[in-house]
Amino acid sequence: RITDTFPDLWITSADSVDDRVVSVSATSPIICYGMNHKTASSDAFLALPDSSAGTDYRVMSYGNSDFILAMSVMPSQFAVAAISDNTTLTITPAAPTATGHPAGAPFNVVLAAGQCIQVQTDGSVIGQDLTGSMVESDQPVLVYGSHARAEVPVSYVNPMGSTSRNHLTEAMPPTCTWGKVFVLSAVEIDYAKTIRPEGDLMRVLALNDNTTVTVNGLPWVTLNHNQFADSLIHGAIVVEGSDALLVGEYTHTQTSNQGDNGDPFLAIIPPVDQTFNDYTFFASDNPVFQVQKVIIAADTTCQSDITFDGATLPGSFFKPLPASAGGRGFSVTELTVTPGPHRLTTNLDPQHAFSILSYGLGFVDAYGYTAGLQLKPVRSIGIQPLIPGKHDNRLTFNNTTHWPVSVDSFQFVPTIGDASAYGIHFSELPSTIGTLPVAKSATIHLIATTMPPGPVAGTVRVFTHTALWHDLEPAEMAYVFHSASEAVDASGVTQVALSNYPNPFSLSTTLAFSLPAEDNVTLTLCDELGRVVRNIASGPFAAGPYAIRIERGDLPHGFYTCELTSERLHIRERLPIMAGE
């Protein structure tokens, strides 16, 4: 019991660097769980290993309580822990923080190894919720979504006029491990296998725009980037998204004060492609938890090949779900467990095995946690506009995994039209071309062989692999390609989509740009010291796209900058170019 030895372990700060981090290491592989238990306020979590840490996260939390208990606030919150020194975090909170950081405004924090930061809302402001907050970092970190003490649903009062609340904590998986298909099952509140009529609350958070979500095959909701939706669930369901999702299950606040079991907890539900085939998990030895069970959500191909503490479970224990996904069927069961460790295994491969959720319920108390998952990267790249709101057709992409990523190819696919009319230039790749180190970013520039007269909607795809994983999905982002005449930012500054290909080049490269109106233009090439080494063009240019070939000639190996300036349009754009061997 760590808090017996370190009574000052609790993080009490907000938005400031703290050193209350516990590091656990072992000489052989272990499984590590954490459990907080105070009187009538508990939760448990699976501690994720450093090897599964990422650099891009979204937070799942819950809204501020509608009640102030004993004059103490109960805020939405999350925490981030660093593994390495000089780790820079960029945190974008989804709600105003207790120290005054506005919602949607990024702020930076630098952490040393073993340091953390806790971010909280102002708990006195009802309903504020940090779900959807973004955590980005330049080195892998670990993130915990949490709530000091929540009632679920927020503002719920039972028929007796009271409500129960509970601490919520769960480790957040990095976005590169999010999936599209999930199996959930509402918890049973007693030994008679009774499911509370109010059900559990399901929360679904989307990574990208225009993500459609179905429940048991029926349309439910369409979400944009960082949006979430809630629904009460009853029994077992299959949830499927058209794009990556983070799914959480919250148990319902106790519905009476007549002695029934229950209190909120948060469990992150693993996607079905992150299932595993060998779990060791625990059930609490605290007698307050009168009901302790484990939910098994299995691929139907393995439901007759699962052993519990060495004994094979009959396939008849499992109840099939009414919907399938990707040609796969699923089934669920719940087992009552005794205090202590337990093991669930199957001989099938991890990808088509099962996931488990362990929980315990007592009078106004509960805990629950996802007891294991693979955490293999499904995709390895995050994409976003280089400068949000600026239509210059440049995108930045960053490695969100714990491994170096090999960038295989890029593609812009218009919703209507020919994909072969569009290409992508590298503006910059750190280190070796085609390889993106851990937590590093690079930039690409979308181009068209013939500049379209107006915006073109489509999808950007980045195809990648790592040394360990070759079956990654392409990273995708909906994007609107803009012609040069539309390429302006919020300040009204015109952009000309300056790019070149190939880059680096050996013998020659082609400089591409487009002018929205006639103007006098000067194009020069400068070396690393800013000295002009070549005048490329100078004079009047009519409106429209241009492609100018630049011969290498006697230019030595090195980095250069192409600068385009114009008079009437007040344009000055610079483009880095590399002359290779």
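How many bridges join strand β33 to β34? Select residues 456-465, which make up β33, and you will find seven bridges to β34, with the two running antiparallel. Strands here are DSSP runs of E, at least two residues long, numbered from the N terminus, and two of them pair if DSSP finds at least two bridges between them.

Before going on, note that this is a predicted model, where local features need pLDDT of at least 70, side-chain atom pairs count only at pLDDT 80 or more, and totals for chains, interfaces and linings use all residues. Residues are numbered from 1 along each chain as its sequence is written, and side-chain values use heavy atoms, leaving out hydrogens and water.

Now pick Val462: opposite it in β34 stands Ala475. Widen the view to the open, antiparallel sheet of four strands, ordered β31-β29-β33-β34. Its edges are β31 (435-436) and β34 (475-481), each with a single partner strand, so one side of each has no neighbour in the sheet.

Tyr144 has Ala171 in β10 as its bridge partner.

Finally, show Phe78. Beyond its neighbours within four places in sequence, its contacts (heavy atoms within 4.5 Å) include Ile91, Ile117, Leu130 and Tyr144.
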